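Hello! Here is the structure I promised to pass on to you. Have a look at it first, and then read my notes below.

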Amino acid sequence: MVTDLSAVWEELEKARREALSFFERLLPEEPRGLPDLETLNRCVDLLADEERRKRFNGVVLKFGRLLNIVLPDPKALEEGVVDDFRRLSAIRQAAYVRYRDKRLSPRGYVPKLMKIVSEVIEVGDFKIPDEPVPLLSDAFVDYVELQTTEMGKAEALRWAIEEHIEAHHHEDPVFYDSLRERLRRLIEEFQRRAIEAEKFMREMWQLVEEIGGRRRKAEEKGLKEEELPFFNCLRTALEDGWEEEQILTLTEDVVEAVKEAIRRDWTENEAMVREVEKAIWDCLVLGHKVPRILGVEGTEELVKELLELAQQHFKR
């Protein structure tokens, strides 16, 4: 059965024009090659708004679905349709990496389109990463430097930090809650232009340094990295009534009590979980008289928080 493609071509041209209209003044009709690095970054800047990014993604996916139907019609090559899909795919891929928006992931394209998409990874001397660059990787600083606009550098940092916080929050809620609040305030001040771009970037890199320096911070306090979340939790609860040295001692005692109480697969066994909970309670109540500071209800809440940390850091 021969399909009449005229209606498909009409819809394809409409989707093509709509997708290109997101970058009207940045993507000239000729030449149709991939945008240079500066143009690519400026196009990605225009997708900073989540709703705009969502609309762009929907249109490009529609363009791709229709293109898949008409290929291998020579008209798609002769009239620059495939070239435009390459340009838009390069922008979509770069936006996926910068904003870490999983909706923009290239996975899911049919084989014909994957071949086209695979050709957009290199823009001049710049290789668009296949996946977002991890915040603490050696490649991250170089990636940020390749964002040629002020907005690009700021957004690359912002979304990488936010993703890291989200992925690691359960490991140290106190630390990452504090970090999240500082990040929120920084973004708000920058958007209100209450701080200059240079200071904003300096403060953002300071957050990255603190995330990467957790082991060093723990060692400075005489703790292991796995003990730092317990210290942060206890300090938040007790800093109004105890000196830091007392909290450090309590941290070491709580961690030791947990290690002595845990057994193989304990997090999967309710009775064993209760044993660890009791060990924490005894340490706080019998060993250190914490209810004198927090009361019984406050101590119970603290035990719950410490138990959750134990379940994260001492699985067997």
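Which helices do the buried residues of α12 pack against? They pack against α9 (173-191), α11 (214-220), α13 (244-261), α14 (270-287) and α15 (291-313), where a contact means heavy atoms within 4.5 Å.

Before the rest, a note on the source: this is a predicted model, in which local features need pLDDT of at least 70 and side-chain atom pairs count only at pLDDT 80 or more, while totals for chains, interfaces and linings use all residues. Residues are numbered from 1 along each chain as its sequence is written, and side-chain values use heavy atoms, with hydrogens and water left out.

Back to α12, which covers residues 228-238: eight of its eleven residues are buried, so this helix is largely enclosed by the rest of the structure. Buried means under 20% relative accessible area, with a 1.4 Å probe and protein chains only. Among the buried residues of α12 are Phe230, Phe231 and Cys233.

Now for the whole protein. Its secondary structure comes to 15 helices and two strands; these are DSSP runs, H or I of at least four residues for helices and E of at least two for strands. The radius of gyration (over C-alpha atoms) is 26 Å, well over the 20 Å that the globule rule (2.2 Å times the number of residues to the power 0.38) gives for 316 residues, so the protein is more spread out than a compact globule. Its C-alpha trace spans about 80 × 50 × 30 Å along the principal axes. Of the 316 residues, 46% count as buried.

Enjoy exploring!

Definitions and conventions. Buried means under 20% relative accessible area, exposed over 50%, partly exposed in between (1.4 Å probe, protein chains only).
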